[in-house]
Amino acid sequence: MCDIVARTGRHQQRYEAGCRLVAGCIPFRYKSSDETDDANSEKIIEVLMINSPSGPGLLFPKGGWENDETVEQAALREAVEEAGVRGELMDFLGYYYFKSKTHQDEFSPEGVCRASMFALFVKEELESWPEQSTRDRTWLTVAEAIVSCRHAWMRDALEEGFSKWHAEKMIGTGEEDVTLTC
């Protein structure tokens, strides 16, 4: 049983210029390329994706940004609610626009959404989380995630946002030997 409850409803949803504002993240971790945690072994980056209850393909956690939270708080909340992970929100990866067929309303008649996406370094995987009965989580290499991604905008966030950010951010930090396996 999960003590955390997922938010529901749209009464606190943020909109701007006809767009529903959404926050999300690309959860990631480092894994040794061999089974040892030897400091000399090559590290591989993995990203966490979740299934969608409404169809095939995998997604990154994301959802509505509400009036009583910052965009960063919304991204962290969605990671817990949908994927059952907590961690350190690293950096903003960019804005990504998409059309939602299921989220058309009076404030966004066309269903246009603007997602603010972040990199999330995962530090904890929860044993139970609010949406665990409808969502499975899967760790994938970046190359596997690109192929498995349900939406083109999420693939762009992974390739153009996350992968470029990671390559630039990790230069000079001692993580240069991390493999993205694209």
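**Rings, charges and one lysine**

User: Which residues does Lys-123 touch, leaving out those up to four places away in sequence?
Analyst: Keep in mind that this is a predicted model. Lys-123 has its place in strand β7. Leaving out residues up to four places away in sequence, the ones Lys-123 touches are Arg-86, Gly-87 and Glu-88.

User: Is Lys-123 buried or exposed?
Analyst: The cut-off for exposed is over 50% relative accessible area. Lys-123 comes out at 58%, so the label is exposed.

User: How far apart in space are Lys-123 and Phe-28, C-alpha to C-alpha?
Analyst: In sequence, the two are 95 residues apart. In space, the C-alpha to C-alpha value for Lys-123 and Phe-28 is 9.3 Å.

User: How many aromatic pairs are there?
Analyst: Rings pair if their centres lie within 6.5 Å. By that rule, the count is ten.

User: What kind of aromatic pair do Phe-28 and Tyr-30 form?
Analyst: Their centres are 5.7 Å apart, with 80° between the planes. Planes over 60 degrees apart count as edge-to-face, so that settles the label. Phe-28 is buried at 0% relative accessible area, while Tyr-30 is partly exposed at 22%. The pair of Phe-28 and Tyr-30 is edge-to-face.

User: And Phe-92 with Phe-118: how many residues apart in sequence are the parts this pair ties together?
Analyst: This pair is edge-to-face too, at 5.5 Å centre to centre and 65° between the planes. Phe-92 is partly exposed at 38%, whereas Phe-118 is buried at 5%. Phe-92 lies in strand β6 and Phe-118 in strand β7, so the separation in sequence is 26 residues.

User: Which residues make the nonpolar surface patch that includes Phe-92?
Analyst: The patch covers about 350 Å². One of its members, Tyr-97, lies in strand β6, residues 85–99.

User: Which ring does the charged end of Arg-114 sit over?
Analyst: The charged end of Arg-114 is 4.4 Å from the ring centre in question. Elsewhere, Arg-29 has its charged end over the ring of Trp-139, 4.0 Å from the centre. For Arg-114, the ring belongs to Tyr-95.

User: Last one: which residues do ring pairs link into a cluster with Phe-28?
Analyst: Phe-28 pairs with Tyr-30, as above. Ring pairs link Phe-28 into a cluster with Tyr-30, Phe-121, Phe-162 and Trp-165.

Conventions
Residues are numbered from 1 along each chain as its sequence is written. This is a predicted model: local features need pLDDT of at least 70, side-chain atom pairs count only at pLDDT 80 or more; totals for chains, interfaces and linings use all residues. Side-chain values use heavy atoms; hydrogens and water are left out. Patches are made of residues with over 30% relative accessible area and no salt bridge: like charges are joined within 9 Å, nonpolar side chains (Val, Leu, Ile, Met, Phe, Trp, Tyr) within 5 Å. Accessible areas come from the Shrake-Rupley method with a 1.4 Å probe; for residues, only the protein chains shown count as cover. A salt bridge is a side-chain nitrogen of Lys or Arg within 4 Å of a carboxyl oxygen of Asp or Glu. Helices (H or I, at least four residues) and strands (E, at least two) are DSSP runs, numbered from the N terminus. Rings of Phe, Tyr and Trp (its six-membered ring) pair if their centres lie within 6.5 Å; planes under 30 degrees apart count as stacked, over 60 as edge-to-face and the rest as tilted. Buried means under 20% relative accessible area, exposed over 50%, partly exposed in between (1.4 Å probe, protein chains only). A charge sits over a ring if NZ of Lys or CZ of Arg is within 6 Å of the ring centre and within 35 degrees of the ring normal. Contact means heavy atoms within 4.5 Å.
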